[in-house]
Number of protein chains: 2
Amino acid sequence: MSRRAGARPTPLDSRDRPTRVLTLAIDLGGTFARAAVVDEKSALISVAKMVLLARTPEQVADVLAEVAAEALRLADNPKIDHYGVAVAAQLESDQGIVTIAPNLGWKDIPLSALLKKRLSAPVYLVNDLRAAAWGEYAAGAGAGVDDIFTVVVGSGVGSAIIAGGELLTGVTNVAGEFGHIKVATEGRLCGCGMRGCLEAYVGGHHLIAQMKEAVQSEPTALAALCGGDLDSLSPVMLEEALRLNDPAAHAIFERASSLLAISIANQITVLNPARLILGGGVLRHAPSFVRVIREGIERHAGAVAARAVEVVTSSLGDDAGLIGVALLASRPT
Amino acid sequence: MSRRAGARPTPLDSRDRPTRVLTLAIDLGGTFARAAVVDEKSALISVAKMVLLARTPEQVADVLAEVAAEALRLADNPKIDHYGVAVAAQLESDQGIVTIAPNLGWKDIPLSALLKKRLSAPVYLVNDLRAAAWGEYAAGAGAGVDDIFTVVVGSGVGSAIIAGGELLTGVTNVAGEFGHIKVATEGRLCGCGMRGCLEAYVGGHHLIAQMKEAVQSEPTALAALCGGDLDSLSPVMLEEALRLNDPAAHAIFERASSLLAISIANQITVLNPARLILGGGVLRHAPSFVRVIREGIERHAGAVAARAVEVVTSSLGDDAGLIGVALLASRPT
């Protein structure tokens, strides 16, 4: 649960009401959906969360309507000015269509239309990593600067770019697919079907796959750490095995972290951001990666760009996406 | 000489005069300086060119003032509204300072101030590759789209990014240093002092260095092509040797082109541009590189981004920088 989940609503001050802008924000992940009422100052008035038990678009839309109703109820059903949904997916935002959502197994789903039927309002869609970047930019680890590169290493690997205070979307709205840059020719097979993607070495699923391969093929402290239960292997255990100087763990980490660090350093050279914001479960649970990223920027990025960038970790955690999508949905157009 | 160099001025139509905006644009390279009077419709009214015989900042500023006077004279000395200079350098544009210009051997030179003394007007500075990208965007190969990645492979390797119709500058104005991304650990030594930069494999100087190494160490058609004169080796000869199926030339080309292609493909994945504009002497004289870049995008870039990008070559040639700096210098602020 979020640290703010289920919080009582902040009482609405009547003097504020005429200018207060409230947005119903939803963060649709692969396992959970969260909804929040967010004001124009990025305050979460209420938060609700539900598990996704089914994955058809209609069923998910039903859950989103339900979790939204719960967030509204917790906030005493205020009048909502805007509706926005952050989705771990490639989107046609203008059309309100989810083009590809690997976690949900969706392709070309008119999510905005499905939600409009249920919420009786237009619904803005945005990619979850962009929403989170925008949240950090407005109210978190990105505050105070206008040029940001965020890298999230969780089960998958992704990024978002803010340049000159604007999200970089790309012409077909798929900019930032940093997990799918190629770091090896004929390399490991990625979930996307291609070989040699950065994600195939560094993404959580792939790190764990490499740890399993190690346990099955060589002596390693990882075997004891997981108590023989391969399905319990996690990035936390990789970090622990590194502390035990386990050679197999070191080999996996060495390759993954150096590929990640050089890839990030190269983007620092090309984008010259003021801040690199790091997030995601792998970096949180295996902080050695963050150390290698810092060293890699120092060593591999262009000198002026390396000096200019501050490396920080995300500060809003799971709330970044809710805050970001709320602010984006309520932006004057 | 430029195809338009020394052209007679287009007669100014008196009806146009009140709204016509004229800019004196200068392109300061490592060997030549060119100046032009450019109108708000990107038309070059006049162009002049001079060789840089000396390289101290004062001497270069004198030459720039001279070539500017010549361009003005050719245009019948019209009233100039704006002054801009494109420089192959890292700049602090706001301060009018050239921080590093490798070609000129300059560091922290207040070029705007030096020119203001001579031209009696404020002078806008911009990086030459950004100026060229802006020129192509406004009036050349980038017309009609708002998301552009330009890659120039000449003696050096550089790039510029236009995202959502704006130049991406980075926080300290050094974004786009694509030639200095790292493509090999402990790789070839680059002119920047670091190892493994893309430029150390693909830049013209470095391609020629690799060709020299080949001639000196193995049998290769390159020896005959240069008639034994190593100093005459050029990218044109590399292309010729490829056509002769020369193994040494193939080895150099294979490595350089695949590193370039995968690096570009990765930026296509991250930036999702509508158009990739390729320019520079190496790509012009050794067009096999362009073929491999196209194949590399097809093969390595994210599928949606690869489908979205159109690969073209620059269409304004040497005039792109003059047009671009003119339009940037005359932009309403």
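This is a predicted model: local features need pLDDT of at least 70, side-chain atom pairs count only at pLDDT 80 or more; totals for chains, interfaces and linings use all residues.
Biologist: How many bridges join β1(A) to strand β2 (residues 32–39) of chain A?

Modeller: Residues are numbered from 1 along each chain as its sequence is written, and chains are lettered from A and ligands numbered from 1 in the order in which they are written. Strands (E, at least two residues) and helices (H or I, at least four residues) are DSSP runs numbered from the N terminus, and two strands pair if DSSP finds at least two bridges between them. β1(A) and β2(A) run antiparallel, and the number of bridges that join them is 7.

Biologist: Which residue is the bridge partner of Leu24(A) in β2(A)?

Modeller: β1(A) and β2(A) form a hairpin, with 3 residues between them. Within β2(A), the residue that partners Leu24(A) is Val37(A).

Biologist: Which strands of chain B are the edge strands of the open sheet?

Modeller: The sheet has 5 strands in the order β11-β10-β9-β12-β13 (chain B), with mixed pairing. At one place in it, strand β12 (residues 275–279) of chain B runs parallel to β13(B), with 4 bridges joining them, and Leu276(B) has Val311(B) as its bridge partner. An edge strand here pairs on one side only, and the two that do so are β11 (166–167) and β13 (310–313) of chain B.

Biologist: Why is the pair of Phe253(B) and Phe289(B) called edge-to-face?

Modeller: Rings of Phe, Tyr and Trp (its six-membered ring) pair if their centres lie within 6.5 Å, and planes under 30 degrees apart count as stacked, over 60 as edge-to-face and the rest as tilted. The structure holds 6 aromatic pairs over all chains. In this one the centres are 4.8 Å apart and the planes stand at 65 degrees, so the pair is edge-to-face.

Biologist: How many residues apart in sequence are the parts that this pair ties together?

Modeller: Phe253(B) is buried at a relative accessible area of 4%, and Phe289(B) is buried too, at 1%. Phe253(B) belongs to helix α8 (residues 247–271) of chain B and Phe289(B) to helix α10 (residues 288–300) of chain B, so the parts tied together are apart by 36 residues.

Biologist: How many disulfides does a search of the whole structure find?

Modeller: A disulfide is a pair of cysteine sulfur atoms within 2.5 Å. The sulfur of Cys190(A) is 3.9 Å from the closest cysteine sulfur, in Cys192(A), which is too far for a bond. Cys190(B) is likewise in no disulfide, with the sulfur of Cys192(B) nearest at 3.9 Å. Over all chains, the number of disulfides found is 0.

Terms used:
Side-chain values use heavy atoms; hydrogens and water are left out. Buried means under 20% relative accessible area, exposed over 50%, partly exposed in between (1.4 Å probe, protein chains only).
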